[in-house]
Amino acid sequence: THKEFVDHAMEKNKLDMTISTDEDLQEWDTNKDGKISWDELKVGMAIDEEDTSPESQMEQDNMHRKFLAADGDSDGLLGKEELNHFFFPAGNEKVLSVDTENELRILDKDDDGKLTKAEFIGEFAVDQDDAEAAAKAEAEFEQLDVNQDGFIDVHEFKDLHTGIHYVKHTMKEFLDLLDGNKDGHVTPEEAETHFDEATDHEAMHLWFSGNDEL
């Protein structure tokens, strides 16, 4: 079903991030205590503290707010699980809320705590002079604006920020491609029959991981 497709893709993404977190922990943990301090994180992420531009200062402030949110036991250090929450906020509601707010602050040009259609299109239209790209961004805005008030608030923005909006849309297309009788389920026979048509679909990289099988 569509839900199973989405759940699998999100779980794969979480697994990929966990593997990446293990590598970063080993590389950035300079004192080998098994945890990452704020100073170690700044070095690992190449944060330039000498850059005093407003953009850089906001980035550093957002990063520190996210670090504090991920530090579940408030010991000033991120263990393996906490570091994973830092890099994969969708796995922790507190970190996700802070990270979503941070990203919204960057895009929210008029500082009203939400995104207007113009702000959204200005950020997400690949080419603002391209009518097709602008129309696609506008359609996405309408999908995300659940309460239809003409703005995207922090709660509506969360699905976009975590990638779940993209995954849901992509997996819906993928399911429709494989689901021959359109009953909302993909049988092994349907998967085999339509697999060649699906091999170039963007959903493939969301689905497969290592020895995963469809």
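Visitor: What should I know about the model before we start?

Guide: This is a predicted model: local features need pLDDT of at least 70, side-chain atom pairs count only at pLDDT 80 or more, and totals for chains, interfaces and linings use all residues. Residues are numbered from 1 along each chain as its sequence is written, and side-chain values use heavy atoms, leaving out hydrogens and water.

Visitor: Helix 7, then. How many residues does helix 7 have?

Guide: Helix 7 covers residues 131-144, which is 14 residues. From first C-alpha to last, helix 7 reaches 20 Å, close to the 20 Å expected at 1.5 Å a residue. The expected span is 1.5 Å times one less than the number of residues. Helices here are DSSP runs of H or I, at least four residues; strands are runs of E, at least two; both are numbered from the N terminus.

Visitor: Which residues of helix 7 are buried?

Guide: Ala-133, Ala-134, Ala-137, Phe-141 and Leu-144. Buried means under 20% relative accessible area, exposed over 50%, partly exposed in between, with a 1.4 Å probe and protein chains only. Seen down the axis of helix 7, the buried residues fall within an arc of 100°, so they line one face. The arc is that of the directions from the helix axis to the C-beta atoms.

Visitor: And which are exposed on the other side of helix 7?

Guide: Ala-131, Glu-132 and Lys-136.

Visitor: How do the axes of helix 6 and helix 7 cross?

Guide: At roughly 130°, coming within 9 Å; helix 6 is residues 117-124. That makes helix 6 oblique to helix 7. Under 35 degrees counts as roughly parallel, over 145 as roughly antiparallel, 65 to 115 as roughly perpendicular, and the rest as oblique. Axes are lines fitted to C-alpha atoms, for helices over the stretch in contact, and angles run from 0 to 180 degrees between N-to-C directions.

Visitor: Which residues of helix 6 make the contact?

Guide: Lys-117, Phe-120, Ile-121 and Phe-124. Their partners in helix 7 include Ala-134, Ala-137 and Phe-141. Contact means heavy atoms within 4.5 Å.

Visitor: New topic. Is Asn-102 buried or exposed?

Guide: Asn-102 is buried, at 3% relative accessible area. Asn-102 sits in helix 5, residues 93-107. Not counting residues up to four places away in sequence, Asn-102 touches Asn-62, Arg-65 and Lys-66.

Visitor: What about phi of Ala-46?

Guide: Near 55°, a positive value in a residue other than glycine. Ala-46 lies in the loop between helix 2 (38-44) and helix 3 (54-70). Ala-46 is exposed, at 63% relative accessibility.
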